[in-house]
Amino acid sequence: MASTGSTRFADDVRAGLTRAGQKSLPSKYFYDDVGSALFEVISLLPEYGLTRADQRILWRHATAIVGRISSPLLVAELGSGSGRKTRAILEAVAAREATTYFPIEISPSALARCERELSHLASVRIVGLEREYLDGLREVAAQRGGDSRLLVLFLGSSIGNFERRAAEHLLREVRTTLQPGDALLLGTDLVKPVAQLMAAYDDPLGVTAAFNLNLLARINRELDGEFELHRFEHVARYHPDPCRIEMHLRSCTRQVVRIAKADVVITLEEGETIWTESSHKYQPNDAILMGRRTGFRCAGQWLDEEWPFAESLLIAE
Ligand SMILES: C[S@@+](CC[C@H](N)C(=O)[O-])C[C@H]1O[C@@H](n2cnc3c(N)ncnc32)[C@H](O)[C@@H]1O
């Protein structure tokens, strides 16, 4: 029998918190209503230049990006969030032809916001899919017309939340759902000075800390967890090779926590952490090479100079 969303959440929480060694929780569970709203605030923080860099690239180059893919064109987006940045791409497509946009999102509130933000675009029909990345993309592939091309957007360096090998596995799965000539626009945040990276994931206002801690609050709300949030602190750690920032939640004391709906009781030692997210950082060439290894050729790459970030247009071969 297929598991429901909350059963899957409970299973993933139990598995991550009871495994031997480093405890962990999947970062996709950050994005309930509170988490999605906090992410929007993070994207406005002066220390977090990533979203603005991506937005600058898309504003400046959307027409050139879209111009390299043939018509008629459909657009799907993996993890659209609020869809704010997507407007530039959709306007560039709509200037050429009417299109359909499929935002694929696990967060119902992010999806609703995205549909609202983009609903007034002329010549763009929106079909939102509340799904995991690949489930949604397979559904789009099943619905598409015979002669259309598909442009898949994976913006904001969400690929960086996957370990290197898992990232390539995901790209290979994306490629499997595509046809030759379809395209993937892949955002990758680039390696930059450690102090700049650390500030982006540990801002002085404490918004990123709240975003991280909300994962425990969500477990309390949805799974009857008994985490006492003041007994945890947000930690950002730099890891040099491969270059990534890790987010953890550190237990300030030895504590025993019950999560009723996950049917589990866990013990955390003082100083022990729960690993909640990785954000891998890349060299510009990494996106091109990852694409090549997973069945794509690069048809163009656009960089932001202010906050090193790359958008790479990968064409399915
Ligand atoms: C870091 S945010 C990025 C949002 C937007 N793409 C941007 O660049 O600003 C990641 C988004 O992907 C969604 N997401 C995370 N994991 C997902 C998954 N496995 N399937 C579908 N959506 C997912 C989250 O709900 C969130 O809105």
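Author: First, the terms: helices (H or I, at least four residues) and strands (E, at least two) are DSSP runs, numbered from the N terminus. This is a predicted model, where local features need pLDDT of at least 70, side-chain atom pairs count only at pLDDT 80 or more, and totals for chains, interfaces and linings use all residues. Residues are numbered from 1 along each chain as its sequence is written, and side-chain values use heavy atoms, with hydrogens and water left out.

Let's start with S157, in the loop between β6 (149-154) and α7 (164-177). This serine isn't a glycine, yet its phi is positive, about 65°. S157 is also buried, with a relative accessible area of 8% (buried means under 20% relative accessible area, exposed over 50%, partly exposed in between, using a 1.4 Å probe and protein chains only).

Next comes D224, in the loop between α9 (207-223) and β8. Its phi is positive too, near 55°, and again the residue is not a glycine. D224 counts as partly exposed, at 37% relative accessibility.

Why flag these at all? Most residues other than glycine have a negative phi, and most peptide bonds are trans.

On to the peptide bonds. S71 and P72 are joined by a cis one, with omega about -15°; P72 sits in the loop between α3 (50-67) and β2 (73-78). Another cis bond links D241 to P242, with omega about 5°, and P242 belongs to the loop between β8 (232-239) and β9 (244-251).
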